Amino acid sequence: MGTIGFYGGGNMGQAMLLGLLQAELYDKADIFVYDAYAPTLEKINKDFGVRTLQAADTLIKKSDSIIFAVKPDVLPKVLPQVAKVIKKEQLVICIAAGVTIDTIADYLGEDQKILRVMPNTPALVGEGMSAVCANQNVTEEELAQTLAIFSSFGKAVAVPEKMMDVVTGLSGSGPAFVYLFIEALADGAVFEGMPREAAYEFAAQTVLGAAKMVVATKEHPAVLKDRVTSPGGTTIAGVKVLETEGLRAAAMKAVSAATKKSRELGK
């Protein structure tokens with residue numbers, strides 16, 4: 001798969017590094033990392049044993065594929081600095097939320113191979129969900145290569161770019177919504193007398209198990225819900241409260257609001 005470079009070695013960059021090494025997609029000698037913060041490079045060198053670099057230009061020159069693992073407000077500052085060094089045959093992969101392929105092409109040129117990817121933070125524990133879209137210069141083989149990279153720390157799916165803002169609103173922002181739900185479940189248990197530490201463990205494992213049931217069985221969530229909900233039982237009593245209080249509508253509005261914000265960032 002050639003060589004790969006990471007422009008940015010923060011949490012997401014490190015999650016990707018771990019995934020690549022565990023999946024043995026690249027040798028350590030073929031992975032390069034640049035970060036403006038020296039302590040980050042020291043940590044990456046110590047934890048992963050990959051090749052860290054002090055100069056961005058050197059990273060670009062040594063890498064067949066380059067992943068820009070920086071925030072949306074940083075990317076427009078970075079791309080003009082490296083545009084003259086990047087070659088047209090190199091694969092440019094950006095994970096900045098809301099930044100479109102056209103925006104990236106404005107800096108690097110219309111003939112550059114560009115992929116836009118939206119991963120999420122569960123990548124840190126090998127359960128990430130990533131959406132990948134590419135411009136017309138990227139070959140099927142290169143798209144498959146990128147999907148393999150992002151599948152090394154979870155799942156990755158190719159989508160049309162028009163879906164990327166919705167992906168950001170759902171799987172990009174979604175973990176935060178789930179954390180709020182876990183905290184709320186735990187608070188309910190604490191209110192009823194369960195110790196806080198135990199409440200978090202029960203709540204988190206319950207959400208994890210339920211999610212795995214949806215993924216593993218591929219059944220509609222409503223079907224799985226009905227199997228737990230006995231007539232006149234405890235579950236239906238709780239479901240009635242959630243429906244009355246508007247959980248479903250609130251979740252829909254949260255995803256919609258995050259999607260709208262992603263569109264605004266893209267402008």
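User: Why is Gly 154 called partly exposed?

Analyst: Its relative accessible area is 24%. Buried means under 20%, exposed means over 50%, and partly exposed is what lies in between, computed with a 1.4 Å probe and with protein chains only. The value of 24% lies in between, so Gly 154 is partly exposed. Gly 154 is found in strand 8, residues 154–158.

User: What kind of model is this, and which residues count for local features?

Analyst: This is a predicted model, in which local features need pLDDT of at least 70 and side-chain atom pairs count only at pLDDT 80 or more, while totals for chains, interfaces and linings use all residues. Residues are numbered from 1 along each chain as its sequence is written, and side-chain values use heavy atoms, with hydrogens and water left out.

User: How many helices and strands are there in the protein chain?

Analyst: The chain has twelve helices and eight strands. Both are DSSP runs numbered from the N terminus: helices are H or I with at least four residues, strands are E with at least two. Of the 267 residues of the chain, 40% count as buried.

User: What makes the contact of Lys 43 with Asp 47 a salt bridge?

Analyst: A salt bridge is a side-chain nitrogen of Lys or Arg within 4 Å of a carboxyl oxygen of Asp or Glu. The closest N and O atoms of Lys 43 and Asp 47 are 2.8 Å apart, so the pair meets the definition. Both residues lie in helix 2 (residues 38–48), four residues apart, about one turn of the helix. An α-helix has 3.6 residues a turn, so residues three or four places apart point the same way. Lys 43 is partly exposed at 42%, and Asp 47 is partly exposed at 43%.

User: How do you know that Asp 165 and Arg 116 meet in a salt bridge?

Analyst: Their N to O distance is 3.8 Å, which is within 4 Å, so the pair counts. Asp 165 lies in helix 7 (residues 164–172) and Arg 116 in strand 6 (residues 113–118), so the pair ties together parts that are 49 residues apart in sequence. Both Asp 165 and Arg 116 are buried. They are also linked with Glu 161 in a network of salt bridges. A search of the whole structure finds ten salt bridges.

User: Why does Arg 248 count as exposed?

Analyst: Arg 248 has 53% relative accessibility, which is over 50%, so it counts as exposed. Arg 248 forms a salt bridge with Glu 243, the closest N and O atoms being 2.5 Å apart. Glu 243, at 41%, is partly exposed.

User: What makes strand 4 and strand 5 a pair?

Analyst: Two strands pair if DSSP finds at least two bridges between them. Strand 4 (residues 65–68) and strand 5 (residues 91–94) have four bridges in the parallel sense, and Ile 67 stands opposite Ile 93. The chain crosses from strand 4 through helix 4 (residues 75–82) to strand 5, and this β-α-β crossover is right-handed. Right-handed means that, with the strands pointing away from the viewer, the path from the first strand over the helix to the second runs clockwise. Four bridges also join strand 4 to strand 1 (residues 4–7), and these two run parallel. In that pairing, Phe 6 stands opposite Ile 67.

User: How do you know that both faces of strand 4 are covered?

Analyst: Ser 65 and Ile 67 on one side are buried, and Ile 66 and Phe 68 on the other are buried too.

User: What span does helix 11 reach, and what is expected?

Analyst: Helix 11 (residues 234–245) has twelve residues and reaches 17 Å from its first C-alpha to its last, close to the expected 16 Å. The expected span is 1.5 Å times one less than the number of residues. Gly 246 follows the helix, with a positive phi near 85 degrees.

User: Why is Glu 24 called exposed?

Analyst: Its relative accessible area is 69%, which is over 50%, so Glu 24 is exposed. Glu 24 lies in the loop between helix 1 (11–23) and strand 2 (31–34). Its phi is positive, about 55 degrees, although it is not a glycine.
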